[in-house]
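Can you walk me through this model step by step? I'd like to learn how to read its features.

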Amino acid sequence: MNPAQAGSVVFQNVRKTFGAFTAIHDLSLTVEPGTLVTLLGPSGCGKTTTLRMLAGLEHPSSGRILIGGKDVTMLPANERDVSMVFQSYALFPHMNSLDNVAYGLESSGLSKKEARQKAEHGLELVGLAGMGRRLPAELSGGQQQRVAVARALVLEPQVLLLDEPLSNLDARLRRRVRTEIRELQQRLQFTAVYVTHDQDEALAVSDKIVVMKDGGIAQEGSPRDLYEAPASSFIADFIGEANVVPCEIIDISGTQATVGIEGLRHVVPARGARPGRGKLAVRPNAITVEPAENAAFSGRIRHAAYLGDHIEYEAETSGGTLYIVDPSVDRPLPPGTQVAIGLKNRGIAIIAE
Ligand SMILES: Nc1ncnc2c1ncn2[C@@H]1O[C@H](COP(=O)(O)OP(=O)(O)OP(=O)(O)O)[C@@H](O)[C@H]1O
Ligand SMILES: [Mg+2]
């Protein structure tokens, strides 16, 4: 891979309809060269459709797509400088891994010898040096996945597209292969658009996450932006779990807001909120519980479950049922306990909507 190849991707007001159904409403998006951007969202929100339009396997109904500054909106797939790793990695079962990687190179006009040399290098890049003679069936799922990545990489595309590349792997292997893909992307500095519906995976690999909902963008930003400053309760609950708790925004002072839940007062970043009714996204591990009869914000434990390194509680409060993750495992509170509910400094955000 030649890092100078890395191209940008721009979607300008892209819309895609299938008959009367609008799959993508009005999508505008920029991917900077050399970065990994994830499209994340629930099933049916339009991730694959977006990726297929980028690959040239579908064409927008309106709007423009640019790759490396060049308008490719109506170009067919084979005239675009992208390659795609599909969800089912579709290796040729009768070809060994070296031939699988070399195949596309030969089709693009390289001699057999050159193609094989490049393919060897591709296998080396993904940590499979010396495995070229194995058939797909003689490789583990993770190794097959890496052959599929090598096969796409050796074509030296401006942009690498990955559609749920880890979905066929078990949980442990998923974590390892996602780390490998991210390390490879950072080392070689190629541009990648990565589709997943797994928020952990998105948080772990991305420079930027684009959360999609119903054919549009719900919010985009760095993993930290999305987690710490969710724009809506949908995002707060989709990126990590969150309790959405009604509150009173009592006072704004500079960039800080004082909020109240019952008699409890708490200071959080204001994020443009104005005094009045509001909502807080509260992470399960940002809540404390202490046995107490009377409290500024009180609750009653309804359910407790011991999970080794933490206890999970559900507590009934005036703001609804709270889901709480408490690391102090040596003093479990039994169901029925009256508790004082407190908030920690991190993990609480005003939701702007
Ligand atoms: N060829 C098609 N004809 C009609 N509708 C389609 C077509 N392709 C996709 N759709 C619809 O467009 C919407 C978005 O589909 P898409 O495959 O992009 O979703 P996705 O976000 O990739 O979902 P998943 O996580 O389930 O893979 C869905 O409602 C789907 O049914
Ligand atoms: Mg899909």
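Predicted model: local features only at pLDDT ≥ 70, side-chain atom pairs only at ≥ 80, totals over all residues.

Q: How many helices and strands does the protein chain have?
A: Helices (H or I, at least four residues) and strands (E, at least two) are DSSP runs, numbered from the N terminus. Here the protein chain has eight helices and 20 strands. Its C-alpha trace spans about 80 × 45 × 40 Å along the principal axes.

Q: What share of the residues counts as buried?
A: Buried means under 20% relative accessible area, exposed over 50%, and partly exposed in between (1.4 Å probe, protein chains only). Of the 353 residues in the protein chain, 48% are buried. The accessible surface of the protein chain is about 16500 Å², and carbon and sulfur atoms account for 49% of that.

Q: How do I read contacts along the chain?
A: Contact means heavy atoms within 4.5 Å. If you take contacts in the protein chain between residues at least 6 apart in sequence, 65% of them join residues at least 24 apart.

Q: Which residues are around ligand 1?
A: A residue is near a molecule if one of its heavy atoms lies within 4 Å of it. That gives F18, F21, A23, S43, G44, C45, G46, K47, T48 and T49. To sort them, count Ala, Val, Leu, Ile, Met, Phe, Trp, Tyr, Cys and Pro as nonpolar, Asp, Glu, Lys and Arg as charged, and the others, Gly among them, as polar. The shell then splits into four nonpolar, five polar and one charged.

Q: Where are the polar contacts to ligand 1?
A: A polar contact is a pair of N or O atoms within 3.5 Å; within protein, one must be able to donate a hydrogen and the other to accept it, and residues adjacent in sequence count only if both atoms are side-chain atoms. Look at S43, where a polar side-chain atom lies 2.5 Å from an oxygen atom of ligand 1. T48 also has a polar side-chain atom 2.8 Å from a ligand 1 oxygen, while G46 uses a backbone N or O atom, 2.9 Å from an oxygen of ligand 1. Taken alone, ligand 1 exposes 640 Å², and the protein buries 60% of that. Two elements give two or more residues to the shell: β2 (21–31) and α1 (47–55).

Q: Which element gives the largest share of that shell?
A: That's α1, with three residues. α1 is mostly covered, since seven of its nine residues are buried: K47, T49, T50, L51, M53, L54 and A55. After α1 comes G56, with a positive phi near 85°.

Q: Which residues other than glycine have a positive phi?
A: N13 is one of them, with a phi of about 45°. You'll find N13 in strand β1 (residues 9–18), and N13 is partly exposed at 45% relative accessibility. D214 has a positive phi too, near 45°. D214 sits in the loop between β9 (208–213) and β10 (216–221) and is exposed at 58%.

Q: Is N100 buried or exposed?
A: Buried, because its relative accessibility is 0%. N100 lies in helix α2 (residues 97–107). A polar atom of the N100 side chain lies 2.9 Å from the backbone oxygen of M95. Not counting residues up to four places away in sequence, N100 touches L91, F92, M95, P136, V147 and R151.

Q: Is P275 buried or exposed?
A: Exposed, because its relative accessible area is 54%. P275 is in the loop between β13 (264–269) and β14 (276–282). Leaving aside neighbours within four places in sequence, P275 is in contact with I249, I250 and I252.

Q: How many disulfides are there?
A: A disulfide is a covalent bond between the sulfur atoms of two cysteines. The cut-off is a pair of cysteine sulfur atoms within 2.5 Å. A search of the whole structure finds zero.

Methods. Residues numbered from 1 in each chain as written. Chains lettered and ligands numbered in written order. Heavy atoms only, no water. Areas by Shrake-Rupley, 256 points an atom, 1.4 Å probe, with all protein chains shown as cover.
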